[in-house]
Amino acid sequence: MEGLEGSPPAEPEPGREVAAPPVRLLLAPDDLERSRLTVFFRALLAIPHFIALALYGLAVIFAVVLAWFAALIIGRVPEGLHHFIARFIRYVTQVNGYLYLVAEPWPPFFADRPYAVDLELPERVRQSRWTVLGRLILALPALALSAALAGGGASFSGGSISGSSSSFSSSSFSGDFSSGDLVTACAFLAWWVGVLRARAPRGLRDAAAYAIGYAAQVYAYFLLVTPRYPDSDPLKSPAAEHAEPHPVAVANADDLRRSRITVFFRGLLALPHLVWLALWSLVALLALIPHSLGTLFGGRAPERIHAFLSRFVAYGTHVNAFLWLAANPFPGFTGEPGTYPVEAQLPMAVRQNRWITFFRWLLILPAFLVTSALGAVQFIAGFLGWWAALVTGRMPEGLRNLSVWALRYNAQVQAYGLLLTDRYPYAGPVVTWAPPGAPPAPAPLPEG
Amino acid sequence: MSARRVLLGVLGVALAAGWVLLLLWILRTTVPGDLGLPHLSAAGQFDPADLRRAREFSRVERLIALGGILALLGALWLYARRGAVLARESAAGRIGTGMLLGMLGLGLTWFAQIPFGVAELWWERRHHLARAGYLAYVIQDFLSLGGQFLFACFALLIVMALAGRLGSAWPFVGAPALVGVSALFALASPWLIPDQHPLRDPSLAATARRFAAQEGVGDAEVRVQYVKRQTTAPNAEAVGLGPGRRVILWDTLVDGFPRRQVRVVIGHELGHLAHRHLLKGIGLSALFLIPAAFLIELLTRRRGGLREPAAVPLALLVLALAQTLALPLTTTVSRRFETEADWSALRTTRDPAADRALFRGFTHRAYSDPTSPWWAHALFDDHPTGLTRIELADAWEARRP
């Protein structure tokens, strides 16, 4: 696979149950240029692949049933079935990569050659019969998260295993976004940018690539290709290799430890903060009026109001980090910097582009789409994390990092909407904090 | 003697005088002082089968209630000993940490009491008094903690902020402030009760309006609350202060009892409004809160008083203990209010026969024990027993002009 990241899979030792290597997403270097023509017709161009996927999917249903019985009896999936199913997952991933504008070239049929968005799947290994028996139940949390990230991408309904392609083709271009998943939101916005500017925005592309990669891990686990449970950590995805410098970031010093009692009552414990945040929001809305006028006519935000609104964004981040279990301690009520392990980093008041300020209310609308999709992801991550933290006293790192990503994007959207910065929110998983005027940071912030 | 001490002394005397005056005002009643109640026997007034069922039912209910109180105190005792370590789970500063500890204390008491709540539900379901499912009950009970958490946070915000500024003198301002909060809550309560609708029976609505005018509370509305999905037990309440005050009748009462008996209930609840029992109830809470606040301050002093969040778990225990110890006093005052409301209903309806039938009906349908043992009467009975209420009806009839 020339030009793709990753290394060849290790040879399994025959007859022994070994830890399966991860399902790895492989992303070829991407100049982000897109053809306006193929972007415009992207869903229609993918129709031949949908048909091929539907046929392949029908066959995979029977293959999975056979593989399940075989794995229950002999402790592993027969080699032929393993490769047949693994190839299907690769094919779904390639088509998703094309459909959701993560990659530009038209993908090969049936994954018969490498593609710009591809997978490295493990060779077959022995699998515990118990986990095979209960695979559907064990996979439910991952399927729920995958549904929020990649929507229909993880659904196996209607008698065909068609990946996310059908859900996208039937919804995105008819203006129906009821699924509200991250990959659909990113692809919808990337479609407009691709048609207008012949480029894919890096952040949206990386977010979609991560979602597709996670969905592929879920398929591989659910369809018995690997016994390894999907890892939701966005920082381990190749989509997180690019860290975008941005004036709004989130510093994360959380140690993953959670107090079970505060976890159990988390939603109720957050109530006083939610009430206080709602009251603070009213004042922030009022403060936005002089802040907007000052920024529009003076070209720069009034310092005091800027500081007040920055505190508001910081406090909201503290509260949401607590509510969604991205952090453990009960936060303070003032949003004071340096008091909480998960903290929004915000810029000082600087000169802003007046045109961007004037049209801010309109420009922010696309970001709301992504923030709502990431909000749904955060909800699922919080719900799953709640159970995990209640049982183990620790928050799974992947879910925590996913939540921090959502918090960071939300802080960027708020900062943009409240005129704290004129830099557009970045949807990709990782940013480095780069306040205006500061030298570029050498390395990505540890969000995980 | 410093000026501060003099000021505190004057405040203390003023509070003590206010306390006595308030108690006198609360204890005032329109029930004639020379009213001698006839001594009736329960066996002569109630159906023997009803009496037996009600006693059996109440015996278990009382045991569950006692168990709940003991579990509550036990959980708070443990929390008072160990709870302060949970301060490490907070990054919220002094008051915020106090709020967290307060909420967690309430959460633990919920844990301790939920088995008794479920047992009570089981017992009531067994007697066809409750209809709620177990899971629905637990979830609803859990969610209702949200309101308690908010109230606790608000109260701790006031108390801890005052303790930070005034030190050990915070009860002088804190206790009246908390009474003010409970008055605000009483003011808002008519709008917080769900599933209300107007009284649909035109003749009953007309009677209610006439009674309200007679009692001098013509602005008070009578409404019906839909509760049939949760319970079959009949009930009613008077809520609110000032313009929003109203009488709420449960639909189980309106639809399940004869009109004459519903009229008695309306008269009784309007009696509460006419005699300002809600306001007096707030006064009663002030009577309780003021000494309780001083007691809390005294007993938490070793932990730094309520300036320090570490004192909050102990403060919760002291408050719960004080509340438990005050039960005989509060139930006595409550029974006095209820007796006055009963008297008021008799005067308004002039229908003692309906009054007697109503209380017999409560025993028949809701297993209300017309004769409680003395300890249960002292701890749990916030209404007179059914037998006493029938005796009151007889006494009123005997005095009827």
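**Helix packing and chain contact in a predicted two-chain model**

Helices α12(A) and α13(A) are roughly antiparallel to each other, a term used for angles over 145 degrees. The model is predicted, so that local features need pLDDT of at least 70 and side-chain atom pairs count only at pLDDT 80 or more, while totals for chains, interfaces and linings use all residues. Residues are numbered from 1 along each chain as its sequence is written, and chains are lettered from A and ligands numbered from 1 in the order in which they are written.

The axes of α12 (residues 271-298) and α13 (residues 303-323) of chain A come within 10 Å and cross at roughly 155°. Axes here are lines fitted to C-alpha atoms, for helices over the stretch in contact, and angles run from 0 to 180 degrees between N-to-C directions. Helices are DSSP runs of H or I with at least four residues, and strands are runs of E with at least two, numbered from the N terminus. On the α12(A) side, the residues making the contact include A:L274, A:W280 and A:H291; on the α13(A) side, they include A:F308, A:F312 and A:G316. Two residues are in contact if their C-beta atoms, placed from the backbone, lie within 7 Å. The residues of this contact comprise 12 nonpolar, three polar and no charged. Ala, Val, Leu, Ile, Met, Phe, Trp, Tyr, Cys and Pro count as nonpolar, Asp, Glu, Lys and Arg as charged, and the others, Gly among them, as polar.

Chain A as a whole contains 17 helices and seven strands. Of its 448 residues, 52% are buried, that is, 20 or more other C-beta atoms lie within 10 Å of their own, with C-beta atoms placed from the backbone.

In chain B, helix α5 (residues 134-166) has 33 residues and spans 47 Å from its first C-alpha to its last, close to the 48 Å expected at 1.5 Å a residue. The expected span is 1.5 Å times one less than the number of residues. Buried residues of α5(B) include B:L145, B:F149, B:L156 and B:A163. Among the elements that cover the buried residues of α5(B) are α12 of chain A and α4 (93-126) of chain B. Just after α5(B), B:G167 has a positive phi of about 70°.

Between the chains, 16 residues of chain B are in contact with 17 residues of chain A. On the chain B side, α4(B) gives the most, with seven residues. The residues of that side divide into 10 nonpolar, five polar and one charged.

Methods: Parallel < 35°, antiparallel > 145°, perpendicular 65-115°, else oblique. Buried ≥ 20, exposed ≤ 12 C-beta atoms within 10 Å, placed from the backbone.
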